[in-house]
Amino acid sequence: MRLLETQSIPVPVNAKWAFSTRRVDGSDVCGISTIFENAVAGDLLLAQIAKIGQHKKLQLASGRYSESHLDDMIVVCVGDRYAPDQFEGLAEIDPLGCDLIAAGGVAGRAVEAHQKMSAPTQLMPVGLLTDAAGEVVNIASYALPASHIPEHMTVIGVFGTSMNSGKTTTAASLAHGLMRAGYQVAGIKATGTGAFGDFNAFRDASVPMSDFTDAGMPTTYRMPMDRIETGFETLVGTAAKNGAEIAIVEFADGVFQGETREILENSSIRDRLDGLIFASGDAAGAIGAVMTLQSMSLSPIALSGLLSCSPLASKEAEAVTSLPVLTRKELHDPAVVELILRPFLRIVDTEVMAAA
């Protein structure tokens, strides 16, 4: 518990609450603290937009974009970020100014940026939000209750070479195809940065979805592995309690990103995966990733992602890896996905045992 010296300043009624804060009950907020050096990932920050940069829109808790304007008051989460195509940022708040490092509502200090990025949108911190007890409000307090994954639950992981390799499209399309095949399916984003793009992709595919923010983390970058593992267990276990038979779990970034690599090399998450699909932007990336996974004693069921948009690149990858490359259309096809995934589905074993 972090009890801070607080002021009873209400959050402005017109403040924009970011998507990363969506689980928080705003009525719990009673004041603010300006002791910013105590900020940790997940803390709620009230800030004013001082200069509009790269992120010109904020993803709201309601699930839509809001155009940003100078002097807008916003509520976001303090957090780290790892995004090779955008920013690397740390969960640090300077009282003289900080950065909006993710449109889903993550604030911190930008330390690296892709060359295509403009300067980050600059924020003037007003205060960390506090509750009636004077404790800083953190989204971890609003996380789903701990849950465990039942034995009958099938878990298929979707990994990729990098950001923007087609992981989300692959995962949502696969989930949709399995749903059309008659299975109860849930989508899960186990790692990454809080944003509504993944939510919307799965919801558009008519598949219920949850992510690490539901497990109390604004991002998973620099989070301890045991916390990521516990979040994964809770998210998949909760999906099972809600009736899912299969969880399609997407993991952010590429196989060499710190947390993703640790998950693949040595984690309880790896041990619980029944199979994995790999998304790549091109044939060389797919081939290199398959070799990397094989060095970890892992092998994908199939390849997909942007690679699958190119028939020639797909043929190259198939020839070298001997793995099928599935297009979005094929992932939507219940006959195709059931044929490929049926050997990996635990529900099949349950049915066989019940009939015996």
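User: Is Phe19 buried or exposed?
Analyst: Keep in mind that this is a predicted model. The cut-off for buried is under 20% relative accessible area. Phe19 has a relative accessible area of 2%, so Phe19 is buried.

User: How are the rings of Phe19 and Phe199 arranged?
Analyst: Their centres are 5.4 Å apart, and the planes sit at 75°. Planes over 60 degrees apart count as edge-to-face. So the Phe19 and Phe199 pair is edge-to-face.

User: How many residues apart are Phe19 and Phe199?
Analyst: Phe19 is in the loop between strand S1 (16–17) and strand S2 (31–33). Phe199 sits in helix H2 (residues 197–204), and Phe199 is buried too, with a relative accessible area of 2%.

User: Which strands hold Phe159 and Phe251?
Analyst: Both residues are buried, Phe159 with a relative accessible area of 1% and Phe251 with 0%. The pair ties together parts that are 92 residues apart in sequence. Phe159 lies in S12 (residues 154–160), and Phe251 lies in S15 (residues 246–254).

User: Which residue lies over the face of Tyr65?
Analyst: Tyr65 belongs to a cluster that ring pairs build from Phe19, Tyr65, Phe196 and Phe199. For a charge to sit over a ring, NZ of Lys has to be within 6 Å of the ring centre. At 5.9 Å from the centre of the Tyr65 ring, the residue over its face is Lys57.

User: Is H1 roughly parallel or roughly antiparallel to H2?
Analyst: Helix H1 (residues 167–180) packs against H2 at an angle of about 25°, with axes 9 Å apart. The contact uses Thr168, Ala171, Ala172 and Ala175 of H1, along with Asp198, Ala201 and Phe202 of H2. Angles under 35 degrees count as roughly parallel. So H1 is, relative to H2, roughly parallel.

User: What is the phi of Asn164?
Analyst: Asn164 is in the loop between S12 and H1. With a relative accessible area of 53%, Asn164 is exposed. Although Asn164 is not a glycine, its phi is positive, at about 60°.

Methods. Residues numbered from 1 in each chain as written. Predicted model: local features only at pLDDT ≥ 70, side-chain atom pairs only at ≥ 80, totals over all residues. Heavy atoms only, no water. Phe/Tyr/Trp six-rings, centres within 6.5 Å; stacked < 30°, edge-to-face > 60°. Helix = DSSP H or I, 4+ residues; strand = E, 2+ residues; numbered from the N terminus. Buried < 20%, exposed > 50% of the residue type's maximum accessible area, 1.4 Å probe, protein only. Lys NZ or Arg CZ within 6 Å of the ring centre and 35° of its normal. Axes fitted to C-alpha atoms, helices over the stretch in contact; angles between N-to-C directions. Parallel < 35°, antiparallel > 145°, perpendicular 65-115°, else oblique. Contact = heavy atoms within 4.5 Å.
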